[in-house]
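This briefing goes through a predicted model by topic. Look at the structure first, then read the points beside it.

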Amino acid sequence: MSDNEINTAAVSATRRRVLQGMAALPAAAAMLPARGNAAGPATATVNTTGLAVTDDTVTVGILHSISGTMAISETGSVEAEKLAISQINEAGGVLGRQIKVIQEDGASDWPTFAEKAKKLLVSDKCAAVFGCWTSASRKAVLPVFEQYNGMLYYPTFYEGLEQSKNVIYTGQEATQQILAGLDWVNRTKGSKTFYLLGSDYIWPRTSNKIARKHIENHLTGCKVVGEDYFPLGHTQFNSVINKMKLVKPDVIYAIIVGGSNVAFYKQLKAAGVDLNKQTLLTISVTEDEILGIGGENIAGAFACMKYFQSLDNPNNKVFVPAFKKMWGEKSVIGDVTQAAYLGPYLWKLTVEKAGSFDIDKIAAASPGIEFKGAPEGYVRIHENHHLWSKTRVGKARTDGQYDVIYETGDLVEPNPFPKGYQ
Amino acid sequence: MTFLNRKDIAAIAILAVLLLAVLPLCLDPFRLNLVGKYLTYGFVALGLVLCWGDAGILSLGQGIFFGLGGYCMAMYLKLEASSPEATKIQSTPGIPDFMDWNQITSLPLFWRPFHSLAFTIVAVPLVPVLLALIIGLAMFKRRVGGTYFAIITQAVAAILTILIIGQQGYTGGVNGITDLRTLNGWDIRPDHAKIVLYFINGGLLIVCVLLAQFVRRSKLGRILVAMRDKEDRVRFSGYDVANFKIFVFCLAAGLAAIGGAMFTLQVGFMSPSFVGIVPSIEMVIFCAVGGRTSIFGAIYGALTVNWARTTFSEGLPQLWLFAMGSLFILVVVVFPDGLAGIYRRYLDPLVDRMLPPVRRRIPVAAVAETPQVSPTFAE
Amino acid sequence: MLMGYSLGDIGSIMAMQGFAGLSLFSVFLLMALGLAIIFGQMGVINMAHGEFMILGAYVTYMTSQVFTTYLPSLFAIYFFVAVVLAFCVAGALGMLVEWALIRHLYRRPLDTLLATWGLSLILQQVYRSVFGAREVGVDQPEWMMGAASMTDTIQIPINGLIVMALTAVISVFVFLLIYWMGWGKRVRAVMSNRAMAGAVGIDTEFVDRVTFGIGCGIAGVAGSAFTMIGSTSPTAGQLYIVDTFLVVVFGGAQSLLGTIASAFTISQARSTMEFFLSGSMAQVIVLLTVVGILMLRPQGLFVLKVRR
Amino acid sequence: MSSETDFLLGVEGLTVSFDGFKAVDDLSFYLDRNEIRVIIGPNGAGKTTVLDLICGRTKATGGSIRFKGRELTRMKEHEIVRAGVGRKFQTPSIYEDLTVFENLEISFPRGRSVFGALAFRRDADVKDRVEQIARDIFLADRLNDLAEYLSHGQKQWLEIGMLLIQDPALMMLDEPVAGMSVSERKKTAELLHRVIQDRSVLVIEHDMDFVGDIAHKITVLHQGRVISEGSMAHVKADPKVVEVYLGH
């Protein structure tokens, strides 16, 4: 086989995938032929680094797991990103160019993520990539983005301890998500003792560490009375539930993920722990997870994050119906899904501010970008490429939604390397 | 090389030309790097041919050794990437970033020797071999074999994964050891470095193939096969069967470890997701698809299955599990000898007919049907 | 850590912890019984055991949906219908799999491992295509999800009681089948000498198929029961497979009493360790101990000494 | 008696029980150098178990087995083989995927350690010895055939050959003529007579003609115990033996 044949095959495969991506965006497809470069500045001026930008299109990548164990979590992000992109295209695109999507499957496998990231940057010359979910996948692609100078919009709330010119973190880092919630529970419930639980990997461990430091150093008279970790996928929680019954903490602080969540909340309920009496604060259960847990098993628990589907503001009132119209009435929108939705918009705003698709210019222009149309409300990109955002506390209802019962007055500053919490 | 017959030499030559000439000429650096990654599983498959195909010992824990080899290499690379200058923003400069995040303030003792490249090169095969030796001594001396052995190795793989994830301050946890940059000052990330690594990988693989072929063609190789079929007979011919099993298990572990180290170098990180049960079973799949009793089959199997996985996951990710599952069932039920079996049944007789006869053997018919064990009176 | 608590508290916790141990025992036993039949009696290494369990869970899920839609008044008891259905569906699939796949492989036990692994991949993808990749929430009637208060401080999970009862029923069923009805003898006869067993009038194909079907059916029941305590998703089955095999192997594969004893030992060790240590470390220590003991005593805990 | 040092193999008080069932019960007998001893007895008498015990396949519950002054009960199988005890199994146990030559070569007593096997070379010594043994076992013209193509009787001979190549001081044969034609039996008896020149042989056999043909001495086992021992004539005349055989 010659070099040429391979390249042709690769190109046609790419084209097929682009078409698939387009098929998912009927509105965009309809708009495409009508536009030309008359609407935007000349390609030579907005693209000096050889990205996949033509006179009327710009190519971006979506990189999530649509197979494997992580597909459960990442589907929502893909849907949100596609929704945002189709909306942007309908409204005229970016610098007069329609967005074309190349979607790749990370297959829940970290080298595959790295592999596909490289493909998106090197072969497809994507101007931006929206993707990744787990920290492990982000860690795997980060060197690729730095080496080939790409731009990644990462949607998940995560442990912090990272900052890169080539990544915009649209979810909250740990201190943003944790501190306000702990302050709130201490203030309103008078809670003094905390029991920290987590799945055994970096995000829960780092988050619990921050929580412990905050509880011990910043909340007067409060202490941590227990801390336990369970392997991912663990399904037996009766022993730890008994342990908690013995120590009777004021607050159970739970960062359990995946299938373990379902087991934990079901067993908690079956053990006679009434979440309306026992305060439980979690940062890992979004509306998506409740689908599996069952609303009646978690009703009464408090979750602390930046977005809930039930949020009452004008932006969200438009966003939720639009999402359901595109992806079905039954779909639910969790914190990460909303954060994923922000990615394409933030990128569009940055490109327009920079007047260019060039990665360096976007990286430089990102700090200070404001997005007033975010479903969660106003957000702004910080110098450290994370978002200023509000933190909210929701109380789980039996129907799988949260009642938002508290939100911080101001935007919380992202602080990925928090002094005194490490 | 008396342990190679004409066909072996031809097969090795074809493999070498394919790996070291045809693929590098046809593929762009990106695809070539992928092939390099697949080939690292070829090392594991090679070990499995000896251990499983020949000796009948099915290890469902090859990921352990692959992972340990990979981790040894990753530890060296990580230390090099964590020079005090590069990590000066940390509260303790000079240690890997994930340790700093986990409040570890000095480099743990077992990390220290990995500052040395020489030590690392020795440790890559040696650490996994030592673990294999311990497992082997405990199991084979007590005559644990077959399914029990498979299940226990699987449990060990599970334990190791939980340990690596749980001790994230020392191991990088579920994220693994990432952001590896240089090997003894040489940047491993650019395309030209990847191409060099690919050739090193391919060359090493050929060397390992020769090694494996040497073992198989020695009397030890025949004893392994004999042991698989008639263990008692071998024992009552005066052999300490356990020692042979331990040897081949350690050898397979060492080969897997080399694969793991090459994987780390080419992919640029190592994580517990290559240690656990699922990757271990997948490695067995590569071997089974290629043919558990054929060295070359196993390597082509590793290449084919991984290539198919990439292709499927680019085009039809939903179908990937269906395809992989069916392929596996098909191979086990219909073609227990995998690709190599198909080759032997349909193509090899043709090759025989085309090759001019060189030496006369007395019972031609019997030998032609089983080239695997054809005797060579070369001396 | 027990300092500073009243005796009454400690007493209650010990009672509940004892119950937690017992219910973990039931869970392990329920998982292991099906496999003990398939692996212990037939020698087939069924790596798809977890997927058969998840099939039972999905059957329960569908039954709950049907009852919610068509028979809401009977929802309180739907679970019992679901258990029976789970047994039948998983059993039927098991028999189909035996016919299509396993019967070609009785001479090659290690190959059954590989083939059933392939099967497990296919089943996972089927579940994903049919039910979606997300976890499904299986609704349970309110009475099953609560706790029974023994005293003010002792609460016993009702779902734990149900799992225990189910385990007891299945165990008795298996014992009757294997020992009292002599089915075990027939299975062993077939396994040790297929031709001879056929010659003395045993329908070997029937024995194979039904035994495998029963083993899978019990896995389905286990899956159905686990909807009360765990999650139901396409890949959830893989979580159980190592634990299950270890229980069976640790007990000595051919001995059902051994399986029970080993489920008891492992569950008590795990449950006690988890109380005093972190969950991860407890699991590592228990696994290491089991593997260590297996290395010292490879036949498992309970096995007859016979001439080889 | 136990002070006697003339015997090659001395079995004394040998006992083994499987979960309470005593398969071999307080068994004692002595085997002289260059003696052919045949053990007979009804099914389940414990004959094969005795061979298993001697070659270490089964561990004794009590008693001792002394071979050339060494205690075998505490040795591992391969050590017992290396001490000079060879054993043929009831069903022919050969390597069917290997050629006759390779079968014999594997049994050749050199390169028995792992690295020895790795370094093993097929030199003139090996070839000469293999060819010599092949002639002894009537398989000289089948050296390059796969063992699976041999007839049943030839497989039995091959296994005997695999013992012979190790030159053991004691050969134990479990039913060596089972499944053989009359002419094969004759050849086998001839073979045995030839090979015992400088060794002892312990045989389990049912075929009484064959037994009479080869045995120097016969031991009759019943329910794990010796009930009679002596020449063919002596054993045949023993009423206990008659009762055992007729009673069953």
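Strand β12 (residues 379–381) of chain A and β13(A) run antiparallel and are joined by 2 bridges. Across that pairing, Arg380(A) stands opposite Trp388(A) of β13(A).

- In chain A, 3 strands in the order β11-β12-β13 form an open sheet with antiparallel pairing.
- Its edge strands are β11 (370–371) and β13 (387–388) of chain A, each of which pairs on one side only.
- In chain D, β6(D) pairs with strand β7 (residues 170–174) in the parallel sense, over 4 bridges.
- Within that pairing, Leu170(D) in β7(D) is the bridge partner of Val85(D).
- From strand β6 (residues 85–88) of chain D, Val85(D) and Arg87(D) point one way, while Gly86(D) and Lys88(D) point the other way.
- Those residues, Val85(D), Gly86(D), Arg87(D) and Lys88(D), are all buried.

- Helix α6 (residues 146–166) of chain B has 21 residues, so at 1.5 Å a residue it should span 30 Å; its end C-alpha atoms are 31 Å apart, which agrees.
- α6(B) is mostly covered, with 18 of its 21 residues buried.
- Helix α10 (residues 238–250) of chain C has 13 residues and reaches 19 Å from its first C-alpha to its last, close to the 18 Å expected at 1.5 Å a residue.
- α10(C) is also mostly covered: 11 of its 13 residues are buried.
- Among the buried residues of α10(C) are Leu239(C), Tyr240(C), Asp243(C), Phe245(C) and Phe250(C).
- What do the buried residues of α10(C) pack against? Their partners are α10 of chain A, α6 of chain B, and α1 (7–41), α2 (49–70), α11 (256–276) and α12 (279–296) of chain C.
- After α10(C) comes Gly252(C), which has a positive phi, near 90°.

**One residue in chain A**

- Phe264(A) lies in helix α10 of chain A.
- Is Phe264(A) buried or exposed? Phe264(A) counts as buried because it has 30 C-beta neighbours inside 10 Å.
- Apart from neighbours within four places in sequence, Phe264(A) is in contact with Phe237(A) and Ile256(A).
- Phe264(A) and His386(A) are 122 residues apart in sequence, and their C-alpha atoms are 32 Å apart in space.

**How the chains meet**

- Of the 5 pairs of chains in contact, chains A and C share the most contacts.
- Between these two, 34 residues of chain A are in contact with 38 residues of chain C.
- On the chain A side, the elements giving two or more residues are α4 (71–90), β7 (223–230), α9 (238–247), α10 (259–270) and α11 (287–293) of chain A.
- By class, this side of chain A has 13 nonpolar, 15 polar and 6 charged residues.
- Between chains B and D, 29 residues of chain B are in contact with 31 residues of chain D.
- At least two residues of the chain B side come from each of α9 (219–229), α10 (231–235) and α11 (241–267) of chain B.
- α9(B) gives the most to that side, with 7 residues.
- The side of chain B that touches chain D is made up of 14 nonpolar, 5 polar and 10 charged residues.
- No contact joins chain A and chain D; their closest C-alpha atoms lie 38 Å apart.

Conventions: Residues numbered from 1 in each chain as written. Chains lettered and ligands numbered in written order. Predicted model: local features only at pLDDT ≥ 70, side-chain atom pairs only at ≥ 80, totals over all residues. Contact = placed C-beta atoms within 7 Å. Nonpolar A, V, L, I, M, F, W, Y, C, P; charged D, E, K, R; others polar. Expected span 1.5 Å × (residues − 1). Buried ≥ 20, exposed ≤ 12 C-beta atoms within 10 Å, placed from the backbone. Pairing = 2+ DSSP bridges.
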